[in-house]
Amino acid sequence: MRMKLDRRTFLAGSSALAILPYARFAFAAARTNPIIALDTDIGNLDPGNRVGTTEGNIIRSVCQTLVRFEPGKLTWTNDAAKEIKQISDTEFDFELNPGQMFTGGYGEMTADDVKFSFDRYINGDKNGKKLTYADDMEALKSVEVTGKYTGKLTLKHPSAALWLIGICDASGAILSKKATEELGDKIATTLIGSGPMVLREWRPKEQFVLAANPDYKGPYKAHFEEITGKIIPEHKTSFLSYQAKELDFTAFDADQLDTAKGLADTKVIDIPGIDYTWIGINVEKGDLADLKVRQAIRWAIDIDAIIQGAYSGATSRAKTLLAPGLLGNWADAPLYNRDVAKAQQLLSEAGKSNLTFTFTCLNDATSLAVAQIVQANLAEVGITININAMDSGAYWALGADNASKDLELTLIPYTSKFDPSFQTQWFLASQIGLWNWQRWNSPEFDKLHQEGLETLDKAKREEIYIKMQKLLDESVSCIWITHGRNFFVDATWLKPMFLPNGKDWQFEFFDKA
Amino acid sequence: MSEAIWALKRICSERDGRLGLAFTIAILAFALLGPLVSPDPNVLDIKARFAAPGVAHLLGTDNLGRDLLARTSVGTRYALTLAVLIVVISSVIGSLIGIVAGVAGGWVDRAVTAVFDIVNAFPPLILAFALIALYGKGSATFVFLVTVVFIPQFGRMARARARTLRNLSFIEAERMLAVHPVTIVVRHYLPNVAGPIIVLASMNLPVVIAFEASLSFLGFGVQPPKSSLGTLIKDGFVSINQSWWPTITAALVLAVATLGATLLGEALRRVIDPKSAGAR
Amino acid sequence: MTRWQRTAAFIATRFASVMLTIVGATLLLFLMVRLVPGDFASVMLGPRATPDLRAQIVHDMGLDRSLAEQLWLFVSHAATGNFGEDVVSHRPILDLVLEVIPNTLALAFSALALALVVGIPIGVIAALKPGSWLDSGLALLSISFITTPTLVVSVVLFLVFAIGLHWLPVAGAGNPGDIVDRLQHLVLPSVALALGWVGYISRLVRAALLDTLAELHVRTLRAYGVSEYRIVGLFALKLALVPVVSILGIGLGDLIGSSVVVEIIFARPGIGSLIFNSIAQRNYPVVQACVVFIVAFYILANLVVDMINALLDPRIAAGRG
């Protein structure tokens with residue numbers, strides 16, 4: 001103890017004291033424009049090659065899309081488009097508003113720009129290279145220019161998803177043809193748009209500043225002069241920064257909920273997630289090919305304890321693939337509450353004992369906690385679990401080159417999009433060796449997936465997706481854990497806005513409370 | 001044996017030596033005896049997460065309700081084991097390479113020295129980082145890769161020593177008499193190199209302990225479910241908002257371990273190699 | 001040879017050997033990456049290994065050519081700062097590295113400055129009264145500074161000053177352009193990084209000062225009745241600083257190496273955190289570029305230090321050159 005005292009005295013005497021007079025840093029009271037935290041830096045600002053949600057959020061606020069999501073909703077109204085007319089299930093005519101100017105002196109938006117922007121998803125970038133997000137526009141066949149402001153979209157097949165995850169989202173951002181061609185490779189770091197905001201500054205790994213675009217002609221003017229986004233990779237750190245009033249808004253992890261609730265001048269925002277985390281079981285691998293073994297594992301794992309121990313009880317339990325609120329949520333899905341006796345009985349019926357499996361997961365704290373609880377749970381029914389925690393690079397590399405064939409139990413966190421087909425695609429037979437780590441192969445499931453893609457009627461789609469989830473349930477290849485929950489702390493004077501998944505933030509709709 | 005007792009007496013005759021010995025014994029006792037007075041380090045008790053220190057758990061519990069005294073103790077043991085392994089292996093290999101270079105001279109010597117220089121051109125933590133990133137994790141790989149980082153230090157010392165010995169008349173005489181080189185190395189070089197290498201090894205032990213902790217903290221050392229002091233600090237740091245106990249406990253143990261090992265190492269150096277005791 | 005000629009010759013030899021070491025280190029790095037088992041392009045790309053990208057990397061890195069050609073490509077590219085395009089962000093890797101380097105340099109240099117400003121006085125005070133309780137107390141203090149791992153210091157400082165007392169900011173490097181804010185964000189990380197070096201330098205100064213004070217000419221000065229403070233201040237300290245300067249090169253390298261831990265804990269952008277994140281993403285080309293930069297910096301820092309030393313103390317050039 002003495003040593004510690006020495007060091008503190010020393011510190012106080014030599015350096016800390018000298019700094020103290022200046023130690024009144026950035027106080028919230030003085031701020032009229034918010035400073036918020038993001039956990040990921042901008043990687044690439046080309047809408048079709050963006051890396052994550054950070055760029056998506058920036059792109060949606062800086063660029064115009066034909067139609068824009070309304071504040072906090074999945075419904076949309078016209079933005080760049082003055083009118084969109086449906087000719088048939090696969091044909092749409094659009095007309096742009098006149099006078100929508102790109103920033104940086106790149107002129108007015110015309111139908112040519114729309115064609116140019118969308119064609120990149122069909123034909124690839126200037127070198128013909130396929131865009132990272134090309135699949136968002138998978139259903140789009142062609143764009144035809146019919147006048148200065150008018151054009152026509154033709155689809156390959158009827159598609160509900162095209163609008164939800166393509167045209168309305170960042171992939172649908174309308175770029176300036178002239179700017180993109182002039183900028184060349186710099187398009188990765190320069191974003192020219194015509195939307196409510198402009199990206200005024202970006203200091204990589206540090207921060208970016210979004211400012212209101214005074215020339216924006218559309219209906220959704222930005223409320224703040226400026227929003228500063230600080231890049232802070234760890235939620236723990238940004239939460240501490242928030243407590244020190246260095247920030248006005250940040251996401252935080254479930255286990256800090258109690259602390260957050262006790263903070264002054266703070267709103268805690270809690271948005272149920274639509275993502276899904278589950279334990280995937282490789283149905284081809286050794287003893288796991290035995291349905292009874294898989295059932296035994298499902299009965300033996302205590303999901304409620306996982307929710308308590310790994311998520312601090314601050315998230316709700318998932319029963320199935322599609323989260324409540326998404327089209328096709330199977331509300332009556334069965335719940336498998338831990339039953340050790342049943343698990344043991346199934347194992348003895350299968351005639352298996354002394355089983356050992358590897359549990360693969362990411363090496364973050366939550367995943368490791370889940371892994372260790374599963375390890376303890378399964379030990380009670382005589383199954384030994386070896387934990388294989390991997391860093392993110394190695395872990396996601398399992399999605400290529402058939403590297404997943406040796407997996408046994410795997411903790412998998414996936415993010416969702418608003419159309420159920422986006423979620424179900426990862427369980428198709430064609431994804432075996434890529435992202436179908438369960439390696440479950442069901443022709444019936446595949447057929448239903450295709451049907452779901454091409455059906456427009458909501459009730460019919462609902463039925464299709466529930467049927468698919470029943471098949472998944474019977475396969476005992478997935479043990480669902482949670483859809484996640486998004487927690488934010490927010491200074492009371494600020495009103496943020498997100499789409500219903502809690503991941504897609506709408507900077508243009510951030511406002512004073 | 002009597003030499004060891006003599007050295008121990010000498011170490012105890014000065015304040016820093018006594019302190020170092022006391023800290024080291026305390027840490028060893030903690031590592032070895034901890035589990036005897038605490039519950040199983042791997043038993044979960046979800047309801048008792050983040051318990052404060054108390055009768056049931058002397059140092060409280062972690063995020064899964066596991067006993068922290070037991071976990072810190074086991075983690076200390078694991079960290080020390082790794083550090084000792086790394087120091088022993090790298091000092092043995094380093095000495096052998098160094099002696100060979102020193103005895104052989106010529107281009108062998110130049111090549112070995114050049115390689116040592118090049119390896120030393122990398123900051124150690126960065127080199128270990130890059131190696132682990134490229135060649136993977138796991139305890140055995142970890143020990144091997146960190147060993148690579150530390151070999152040049154020992155190699156240089158052994159080489160310098162061997163160079164001076166090489167020119168001594170009695171060794172030259174034996175060489176003239178065609179005594180087998182291996183015999184010469186075993187009879188003369190090894191005993192003469194051993195002293196300074198032991199000193200260097202003991203000085204390096206705390207460095208390696210801290211090194212391992214840093215790597216484990218960053219997730220590039222010990223892999224879960226095994227834990228060392230570094231991983232314990234990291235685990236605690238992740239949930240610093242709920243409880244600052246776990247981090248501080250592990251950090252304190254780490255600090256005492258490195259301080260103890262350093263004081264002891266320095267005292268040992270003054271005993272074995274009194275000439276160099278003045279400057280560092 | 002005159003003193004200056006000797007110094008110049010010494011510097012020239014050192015420079016040549018330094019260049020060789022840099023080439024050697026680049027070679028080692030090249031081999032290290034190349035010896036990883038598996039298809040090299042896949043190793044480099046990891047999860048992003050689409051056929052297109054693989055073909056691109058094979059072309060960019062000349063994997064279709066002979067090993068000697070590849071090595072030449074790598075070294076010459078590294079020498080011109082052409083590290084290729086980052087496969088994640090599609091931006092030049094050089095840009096990624098240059099963006100963060102100023103932060104790390106600011107951190108390392110301020111830590112070094114702090115270590116000197118605090119370490120030298122402690123060493124001098126200890127040397128003035130060798131054997132006193134003050135001296136032995138300072139010795140213990142110095143040694144505990146040296147041994148306490150940067151990791152522990154960082155965590156403790158973070159807990160006490162950022163979270164507990166709220167005196168200093170928690171995360172990041174501060175607002176760009178706001179000097180005061182930047183400095184505040186620099187305090188805790190640089191103290192954390194400097195502490196061990198405070199210990200080193202104070203011990204070094206103490207030992208060197210005692211050696212110098214024991215030397216003949218100092219005794220002569222003493223005999224002439226020059227006061228002890230003047231002896232220390234005017235004559236001895238200058239000589240005692242030679243070993244301090246010579247260790248600064250190693251110091252800078254060590255500080256940049258340890259900056260990884262500090263940058264992670266204080267969420268500071270910098271080359272340490274860039275390496276860390278790139279390793280976690282298996283983004284090896286970026287790791288490689290960072291390491292080349294760090295090694296070159298480390299070696300050059302040592303060279304500069306050697307030169308300063310040669311100028312400061314002609315005996316070095318004479319003895320070693």
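Trainee: Where is A:R439 found in chain A?

Mentor: A:R439 sits in the loop between α13 (420-424) and α14 (443-454) of chain A. Helices here are DSSP runs of H or I with at least four residues, strands are runs of E with at least two, and both are numbered from the N terminus. Keep in mind that this is a predicted model: local features need pLDDT of at least 70, side-chain atom pairs count only at pLDDT 80 or more, and totals for chains, interfaces and linings use all residues. Residues are numbered from 1 along each chain as its sequence is written, chains are lettered from A and ligands numbered from 1 in the order in which they are written, and side-chain values use heavy atoms, with hydrogens and water left out.

Trainee: What's the phi of A:R439?

Mentor: Near 55°, a positive value in a residue other than glycine. Most residues other than glycine have a negative phi.

Trainee: And is A:R439 buried or exposed?

Mentor: A:R439 is buried, with a relative accessible area of 8%. Buried means under 20% relative accessible area, exposed means over 50%, and partly exposed is in between, with a 1.4 Å probe and protein chains only.

Trainee: What about A:V476, where is that found?

Mentor: In the loop between α15 (458-475) and β17 (478-482) of chain A. Phi of A:V476 is positive too, near 45°, and A:V476 is buried at a relative accessible area of 1%.

Trainee: Next one: what does the side chain of A:T320 make a polar contact with?

Mentor: The side chain of A:Q469, at 2.5 Å. A polar contact is a pair of N or O atoms within 3.5 Å; within protein, one must be able to donate a hydrogen and the other to accept it, and residues adjacent in sequence count only if both atoms are side-chain atoms. A:T320 lies in the loop between α9 and α10 (340-350) of chain A and counts as buried at 4% relative accessibility.

Trainee: Which residues is A:T320 in contact with, leaving aside its neighbours within four places in sequence?

Mentor: A:N329, A:W330, A:A333, A:Q469, A:W480 and A:H483. Contact means heavy atoms within 4.5 Å.

Trainee: On to interfaces. How many residues of chain A are in contact with chain B?

Mentor: 23 residues of chain A, in contact with 16 residues of chain B. The two chains bury about 1,700 Å² between them, 56% of it on carbon and sulfur atoms. Buried area is the accessible area (1.4 Å probe) that two parts lose on being put together, summed over both. A:K236, A:G309 and A:Q372 supply 28% of the area that chain A buries against chain B, more than any other three residues.

Trainee: How many salt bridges are there across the interface of chain A and chain B?

Mentor: The rule finds 0. A salt bridge needs a side-chain nitrogen of Lys or Arg within 4 Å of a carboxyl oxygen of Asp or Glu.

Trainee: And how many across the interface of chain B and chain C?

Mentor: 1 salt bridge. B:E266 forms a salt bridge with C:R203, with the closest N and O atoms 3.1 Å apart. The area buried between chain B and chain C is about 3,800 Å², and carbon and sulfur atoms give 83% of it.

Trainee: What do the buried residues of α2(B) pack against?

Mentor: α1 (2-12), α3 (68-104) and α10 (245-272) of chain B, together with α6 (133-147) of chain C. Among those buried residues are B:L21, B:I27 and B:F30.
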